[in-house]
Amino acid sequence: MIDRRSLLARSALIGSLALHPGLALAAAATNRRLVFIILRGAMDGLAAFSPLGDSRLGALRGALARPPEQLGDMLPITADFAAHPALAGFAGLFKAGEAAVVHAVASPYRERSHFDAQNILETGGNAAYAIKDGWLNRLLPLLPPAPPPVAISAALPILLQGAAATTSFAPSRLPDASASLKARVAALYEHDPLLHRLWGEAMATEMMAGSDNGPGNPVALAGTAARLLAQPAGPRIAVLDHGGWDTHAGQPVRLAAQLRQLDGMIAALKSGLGAVWGETLVICATEFGRTVAANGTNGTDHGTASAVLLAGGRVAGGRVHGDWPGLARLFEDRDLMPTTSLNAVLAGAVAGQFGLDPDLVVRRVFAAAPAPAMPGLIRA
Amino acid sequence: MGMSITAIARNRFGLGSRPDDGALADPKAWLTTQFSAFDPRPAIITALPDAAAMTVQYRENLRQLRQLGIGGIPRQPDDPEPPKGAEAQAMADAQQKARREAFRAAYAGQVRARLALALEGPAPFAERLVHFWSNHFAISADKLATATMGGPLEFEAIRPNISGRFADLLLAVTRHPGMMFYLDQAQSVGPGSLLAEVARSRNAPRQPGLNENLAREILELHTLGAGNYSQADVAGLARALTGWSVGGFVQRRIGLEAPPGQFVFQPAWHEPGRVTVAGKSYGQEGEAQGRAILADLALHPHTARHIATKLATHFVADTPPPALVERLAGVYLANGGALMPVYQALIAAPEAWATPLPKFKTPWEWAVSAMRALGLKDAAGNARIAIMLNELGQPVWRPGSPAGWPDAASRWAAPDALLRRVEVAGRLAALAGGADPRALAGSALPGLLSPATASAIARAESPAEGTALLLVSPEFLRR
C-alpha cells in the first residue's frame with residue numbers, strides 16, 4: 001500500500017520536482033484503468049509477432065528470423081502468427097483471451113526520425129512538433145472525474161502534457177543509464193582518446209561488479225504503477241516509458257532482452273492490479289517498425305509499420321487484429337506495409353475502454369490526423 | 001568561427017549557454033560589461049540567515065552539546081547537571097536530530113541560492129569568478145563550526161569584492177567568521193598579550209596560546225604560494241593576527257563585547273611588538289599591524305604570479321603558458337592589485353580563445369552548464385542538487401581542505417566519475433520534457449558541436465537519450 005506520504009518520501013531528487021499536489025487521493029467516477037507503455041526506439045513488430053509459413057521472412061531476414069536458440073521456438077498464438085518466446089507471459093494471456101495484437105500499424109509519419117515519430121505518437125498529430133499537447137491529455141476532459149493520470153517517470157512525457165491536470169512520480173532510485181545509452185556513449189567516445197580509455201575502464205569495472213536490477217528497473221516501475229492504480233481512490237491512468245528498442249546491431253540477443261522485460265512489465269501490472277486487472281486495458285505502442293531485411297550488423301534499421309500490444313481483462317483477446325499485408329509487397333521496398341492507422345487503434349481502444357462515442361474521441365482527441373476508430377478491440 | 005567565439009565566451013568564461021542565449025555581437029564586450037549588472041547582494045541571498053545567525057546557531061549547538069556531556073567539551077560552573085539514563089539519551093538523540101536537520105536545511109538553502117544565481121543571474125562570468133575566488137579562499141563544511149559557513153563566506157566576503165582590489169578581497173575573507181573558525185583564528189592569543197599574562201598569574205588550567213593555522217594558509221594558499229615563505233614569516237603573521245576574532249563566540253576573562261558573528265579586534269589578546277614578514281618589519285599597534293601585512297602581501301610579486309597562475313589555469317589550460325602568466329602578473333602589479341585589469345588582460349589574451357577545448361569541466365561546472373543547456377531555472381527541488389553533486393564527487397563548499405578543489409582534468413576525468421555523469425545526464429535529460437535535443441545542441445554549443453556528436457544525437461532512440469548524449473559529449477564535458 002502506497003499512501004501519499006510514502007510517495008513523497010520515496011520520490012526522487014528529480015522526480016519530486018515534477019510531483020504534482022494533485023496526486024492526493026480523491027474519488028474517481030470510473031473503475032476502468034488504462035496503462036500506456038511507450039516503446040521508444042522502434043520495436044521490431046515483425047520479430048515480436050511473426051507470420052507463420054511465409055517463406056519470404058526467412059529469405060529476407062536470414063538468421064534474424066529465428067529467436068536465440070536457448071529461448072526455444074516461436075510460440076504459435078493463432079493459425080497465422082507466432083509470438084517471440086521472450087513474450088511467453090503475453091502469449092499465455094493471449095490464449096486466455098486477455099491479450100490481443102494489432103499488426104501492421106503505423107502513425108501518419110512516413111519518415112524515419114525517432115524524435116519526430118515519437119512526437120507524433122504522443123501528440124496524435126500529423127506533423128512533428130505541430131501540436132503542443134499529448135493526445136492522452138486531450139482525452140481527459142471526456143472522461144468521468146478521477147485523480148490526475150500519473151507518469152511513472154521523472155518528468156511528464158509529451159503524451160500527458162497539456163491543459164488537464166496530470167502528475168508524475170519516480171522512485172528515489174532512478175534507473176542507471178540504460179544499456180542503449182551506454183552503447184551510444186561508447187561510440188561517441190571512439191575518437192576521443194581520453195574519454196575512450198576512461199569509458200572502457202568504467203565499463204570493465206561495471207561488468208565485474210555485475211549488473212544492477214534495483215527498484216528503478218522497468219519491471220519494478222510497472223509494479224509501482226499497478227500499486228497506484230489498484231487503490232480504489234487512486235489514479236485511473238498511468239504512463240510508462242520503456243526504451244532500448246533501437247536494435248541496429250546484435251538484434252537477436254538485445255531484442256529478446258527487451259521483449260522479456262516488456263513481458264515482465266505486463267506480468268507485474270497484472271499481479272499488482274489484482275482484481276482490478278479485469279477493469280484494465282494496457283496499450284503498448286512504438287513510434288515505427290523496422291526494416292524487414294537484416295542489415296550488415298545483424299540488426300535492422302528504421303522502418304514503418306509495427307505491432308501494437310493490448311492486454312488486460314477488458315481486451316477482446318485472443319485475436320490478431322488488422323489487415324495483414326504479407327511480405328510480398330513492402331513499403332518503399334524495405335518496410336512492413338502499414339495497413340492500419342495507429343490513431344484508429346488508439347481511438348477505438350480508449351473509446352471502448354471508457355464507453356465513449358468513438359466518433360467523439362476521433363473529433364476531440366485525434367482531430368489533426370483523424371481515422372475511423374477501430375471497432376472490436378475491447379469487450380462490450 | 002564567429003559562433004564558436006560566442007560559445008567560448010559563454011562556456012569557458014560564462015557558465016554555459018541557455019536555449020534563449022543568442023549569438024553575441026561582441027563576446028569580449030559582453031564579458032567586461034556584465035559586471036555592471038552583477039548584484040553582489042541579491043534578494044535570494046539577503047533572505048538567507050547570514051554568518052552572524054550561523055554563529056549564533058553554532059554557539060547554541062556547542063552549549064547543548066556541553067550541557068549534555070557530548071563531545072568532551074568542558075562543563076562550565078553554571079551549567080546544570082547533565083541528565084542521566086534513558087531519558088537523557090532520548091533527549092540527546094532528539095537534539096542531535098534537530099541540530100542535523102537545522103544544518104541540513106541551512107546548507108540546502110545556501111546551495112539552492114548559489115545554483116539559482118548560476119542558472120539565472122545576469123552576469124555568468126562574474127558568477128564564475130565568485131566560484132573561482134570562493135575556491136581560492138576555500139573553507140570546508142566538514143567542521144561543526146563551518147558546516148553552514150560556506151555560503152555566508154562566499155555571499156558576504158567574496159561576492160562584493162570580485163572586481164575590486166585583491167587586497168580588499170583578502171581582507172574581507174580573512175576577517176570573516178567562516179575563515180576564522182575554519183582555520184582556528186578566533187581563539188588565537190599572543191603569548192605576551194595581557195590575557196596570557198593574566199592567565200599565567202592565575203595559574204589557569206588551560207593557558208591561551210598562538211594558533212598559526214590561518215597565517216600559514218594565507219601565505220601558502222591565499223597570497224605568496226608554496227615555497228615562497230618561511231616558518232619565520234608564518235610566526236610573524238600569526239603574532240600580528242592575534243586578537244582578530246569573532247564577537248559573541250569566544251568566552252575569555254578579558255575581552256570586548258561584540259555582536260555575535262561580527263569581526264572584533266581584541267586588544268587584550270594581541271601580541272605586542274614588531275614582527276617581520278617576507279623581509280619587511282612591521283611596528284604598527286594593534287589591528288593595524290595585521291592589516292598592513294595583508295596589504296603588502298597582496299601586492300607582493302609572488303602573490304601576483306600565484307594569482308596569475310591560478311586564473312590562467314582556470315581559464316586557459318591545466319598547465320598555462322608561462323608567457324601569459326607573466327603578462328597577467330605584470331598587469332596585476334602595474335595596477336596596484338586591481339582585479340578588473342587582470343580579467344581584461346585575460347579576455348584580451350589569444351590563448352584564452354583557443355580550440356580544441358582545453359579544460360575538463362569540474363562536476364559543479366558540468367552540472368550547472370547542463371541545467372543551463374536544458375533551460376532549467378531555480379526550483380524548490382533544486383536544493384537537492386547538493387545530493388547530486390555529492391554523487392558526482394564535488395560537494396559544494398566541502399573540498400575537505402583549505403586548498404580547495406584542484407583545477408585540473410587529472411582530478412576529475414576518471415572512469416567512475418564519467419559513469420556517474422552519464423547516469424546523471426540520463427536523469428537530467430528526463431527533465432527536458434521532450435524538447436528536441438537537436439535544437440538544444442545547437443543552442444548549447446553554437447559552432448562547437450562536432451559532426452560526430454550531432455549525428456549521434458540525431459540518431460538517438462528518444463529525445464531524452466539524445467539530450468543525455470549531448471550532456472556527456474566530448475565537447476560538452478569540456479570548456
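Here is a short chat about how the parts of this predicted model touch each other.

Modeller: Before we start, this is a predicted model, where local features need pLDDT of at least 70, side-chain atom pairs count only at pLDDT 80 or more, and totals for chains, interfaces and linings use all residues. Residues are numbered from 1 along each chain as its sequence is written, chains are lettered from A and ligands numbered from 1 in the order in which they are written, and side-chain values use heavy atoms, with hydrogens and water left out.

Biologist: How far apart are the C-alpha centres of domain 1 and domain 2 of chain B?

Modeller: The domain assignment, automatic or from a database, gives chain B a domain 1 at 43–181 and a domain 2 at 363–477. Contact (heavy atoms within 4.5 Å) involves 27 residues of domain 1 of chain B and 25 residues of domain 2 of chain B. Their C-alpha centres are separated by 28 Å.

Biologist: Which residues of domain 1 of chain B lose the most area to domain 2 of chain B?

Modeller: Buried area is the accessible area (1.4 Å probe) that two parts lose on being put together, summed over both. For these two domains of chain B that comes to about 2200 Å², 59% of it on carbon and sulfur atoms. Three residues together make up 28% of what the domain 1 side buries: B:R112, B:L115 and B:L119.

Biologist: Which residue forms a salt bridge with B:D378?

Modeller: A salt bridge here is a side-chain nitrogen of Lys or Arg within 4 Å of a carboxyl oxygen of Asp or Glu. Two are counted between domain 1 of chain B and domain 2 of chain B. In the one with B:D378, the closest N and O atoms are 3.0 Å apart, and the partner is B:R112.

Biologist: What is the area buried between chain A and chain B?

Modeller: Chain A brings 44 residues to the contact and chain B brings 41. Carbon and sulfur atoms give 69% of the buried area, which is about 3300 Å².

Biologist: Which helix gives the most to the side of chain A that touches chain B?

Modeller: There are three salt bridges between chain A and chain B, and A:D192 forms one with B:R478, with closest N and O atoms 2.6 Å apart. Helices are DSSP runs (H or I, at least four residues), numbered from the N terminus, and α2 (15–18), α6 (114–123), α8 (179–188) and α9 (193–209) of chain A each supply at least two residues of that side. With eight residues, the top contributor is α9(A).
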